[in-house]
Amino acid sequence: MTTPLALSDDTILLLGQFADTLDRQRPDAEMREEIRLARALVFAEQLHGPTEAAFAAEQDLLAAAPRVRHGQTRGEYAALLRLVARGVSAG
């Protein structure tokens with residue numbers, strides 16, 4: 001483990017929304033890196049609209065959300081996001 005990131009309230013909120021969505025929608029399916037990238041943008045823009053704040057929130061979310069590992073399910077990735085939101089770092 002590495003030192004936890006200092007996460008903003010927005011990033012913690014977005015990590016939770018991301019995890020909840022993955023758990024609701026096909027949690028046993030394979031997670032893909034493309035989903036991580038696309039969802040970060042969608043969630044940030046849902047929170048802030050198409051603004052500079054959304055861009056910053058997207059970048060913070062991507063920095064906090066680890067890259068997807070081969071064979072990882074969406075449910076497994078959701079659990080990892082929840083750990084990150086609680087301050088546990090996957091280093």
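Guide: Welcome! Let us start with a definition: a residue is exposed when its relative accessible area is over 50%, buried when that area is under 20%, and partly exposed in between. Please keep in mind that the model above is predicted.

Visitor: Then what makes Arg26 count as exposed?

Guide: Exposed means over 50%. Arg26 has a relative accessible area of 57%, so Arg26 is exposed. This residue belongs to the loop between H1 and H2. Its phi is positive, about 55°, although Arg26 is not a glycine.

Visitor: Why is Arg82 called partly exposed?

Guide: The class covers what lies between the 20% and 50% limits. Arg82 has a relative accessibility of 26%, which places it in that class. Arg82 sits in helix H4.

Visitor: How do you know that Arg82 and Asp23 form a salt bridge?

Guide: The rule asks for a side-chain nitrogen of Lys or Arg within 4 Å of a carboxyl oxygen of Asp or Glu. For Arg82 and Asp23 the N to O distance is 2.6 Å, and the two side chains do meet in a salt bridge. Arg82 is in helix H4 and Asp23 in helix H1, so this pair ties together parts that lie 59 residues apart in sequence. Asp23 is partly exposed because its relative accessible area is 33%.

Visitor: Which residues does Arg82 contact, if neighbours within four places in sequence are left aside?

Guide: They are Ala19, Asp20 and Asp23.

Visitor: What makes the contact between H1 and H4?

Guide: From H1, the residues include Ile12, Leu15, Phe18 and Asp23. From H4, they include Tyr77, Ala78, Leu81 and Arg82. By class, the contact has 10 nonpolar, 2 polar and 4 charged residues.

Visitor: And H2 with H3: how do you know whether that pair is parallel, antiparallel, perpendicular or oblique?

Guide: Antiparallel needs an angle over 145 degrees and roughly perpendicular covers 65 to 115, with oblique kept for what the other classes leave over. The axes of H2 and H3 (residues 52–64) come within 8 Å and cross at roughly 140°. By that rule H2 is therefore oblique to H3. The crossing here is right-handed.

Visitor: Which residues make this contact of H2 and H3?

Guide: On the H2 side they include Arg36, Leu37, Ala40 and Ala44. On the H3 side they include Ala53, Ala57, Leu61 and Leu62. The contact divides into 9 nonpolar, 1 polar and 3 charged residues. There is also a C-alpha pair to look at: Ala56 and Ala44, 12 residues apart along the chain, are separated by 8.4 Å. Ala56 lies in helix H3 and is partly exposed because its relative accessible area is 36%.

Visitor: What makes Arg36 buried or exposed?

Guide: Buried means under 20%. The relative accessible area of Arg36 is 6%, so Arg36 is buried. Leaving out residues up to four places away in sequence, Arg36 touches Phe18, Met31, Leu62, Ala65, Pro66, Arg67, Val68 and Tyr77.

Visitor: How do you know that Arg36 forms a salt bridge with Glu33?

Guide: The limit between nitrogen and oxygen is 4 Å. The closest N and O atoms of Arg36 and Glu33 are 2.7 Å apart, and the pair forms a salt bridge. Both residues are buried. They are separated by about one helical turn, because they are 3 residues apart in helix H2 (residues 33–48).

Visitor: How many salt bridges does the rule give?

Guide: The count comes to 5 salt bridges. Another of them joins the side chains of Arg32 and Glu34, at 3.5 Å from N to O. Arg32 is partly exposed because its relative accessibility is 45%.

Methods:
Residues numbered from 1 in each chain as written. Predicted model: local features only at pLDDT ≥ 70, side-chain atom pairs only at ≥ 80, totals over all residues. Heavy atoms only, no water. Contact = heavy atoms within 4.5 Å. Helix = DSSP H or I, 4+ residues; strand = E, 2+ residues; numbered from the N terminus. Nonpolar A, V, L, I, M, F, W, Y, C, P; charged D, E, K, R; others polar. Buried < 20%, exposed > 50% of the residue type's maximum accessible area, 1.4 Å probe, protein only. Axes fitted to C-alpha atoms, helices over the stretch in contact; angles between N-to-C directions. Parallel < 35°, antiparallel > 145°, perpendicular 65-115°, else oblique. Left-handed = near helix turned anticlockwise from the far one by under 90°.
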